[in-house]
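Please look over the sequence and the model below before reading the numbered points. They follow the order in which a reader might inspect the structure.

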Amino acid sequence: MLRITADEKGDVTRFRLEGKLTGDWVKELDRYWICAKNSGPGTQFEIDLGGVSFVDEKGKTLLESMVSEGAELLAEGPMMRSLAHGIVERVKMGRANT
């Protein structure tokens, strides 16, 4: 199960995630992401992973896509900070290779 809460403050939208980013929940987050980025051009996005306990490979791929489109990952705890750092580094490496 994954809870997704969207908070909008000015030109920043923060998705606060709680639970496991796996399976059908990845698709649900992707739907939220697509709707939000299409409804607010120029909006900055933050993805708060503070309440996430697990991310599967499809979840990691979606987070990479979100970061590559400008979203910022916010993470607490060693596991999620490590995950977020790895995703950001892969996105940077991908940009350097293009």
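1. Threonine 13 belongs to strand 2, which covers residues 12-21. Strands and helices are here DSSP runs numbered from the N terminus, with at least two residues (E) for a strand and at least four (H or I) for a helix. This is a predicted model, in which local features need pLDDT of at least 70 and side-chain atom pairs count only at pLDDT 80 or more, while totals for chains, interfaces and linings use all residues. Residues are numbered from 1 along each chain as its sequence is written, and side-chain values use heavy atoms, with hydrogens and water left out.

2. Is threonine 13 buried or exposed? Threonine 13 counts as buried because its relative accessibility is 8%; buried means under 20% relative accessible area, exposed over 50%, and partly exposed in between (1.4 Å probe, protein chains only). Apart from neighbours within four places in sequence, threonine 13 is in contact (heavy atoms within 4.5 Å) with Asp7, Glu8, Thr43, Gln44, Phe45 and Glu46.

3. Helix 1 (residues 23-39) and helix 2 (residues 57-68) have axes that come within 10 Å and cross at roughly 15°. The axes are lines fitted to C-alpha atoms, for helices over the stretch in contact, and angles run from 0 to 180 degrees between N-to-C directions. The two helices, helix 1 and helix 2, are therefore roughly parallel to each other; angles under 35 degrees count as roughly parallel, over 145 as roughly antiparallel, 65 to 115 as roughly perpendicular, and the rest as oblique.

4. Which residues form the contact of these helices? From helix 1, Val26, Leu29, Asp30 and Trp33 meet Lys58, Gly59, Leu62 and Met66 of helix 2. The residues of this contact comprise five nonpolar, one polar and two charged. In this grouping, Ala, Val, Leu, Ile, Met, Phe, Trp, Tyr, Cys and Pro are nonpolar, Asp, Glu, Lys and Arg are charged, and the others, Gly among them, are polar.

5. Serine 68 lies in helix 2 and counts as partly exposed, at 40% relative accessibility. The side chain of serine 68 reaches the backbone oxygen of serine 65 at 2.7 Å. Not counting residues up to four places away in sequence, serine 68 touches Val91 and Arg95. Serine 68 and glycine 94 are 26 residues apart along the chain, and their C-alpha atoms are separated by 9.0 Å.

6. Asparagine 38 lies in helix 1 and is exposed, with a relative accessible area of 57%. Asparagine 38 and glutamate 28, ten residues apart in sequence, are 16 Å apart in space, C-alpha to C-alpha.

Methods
Polar contact = N/O pair within 3.5 Å; in protein donor to acceptor, adjacent residues only side chain to side chain.
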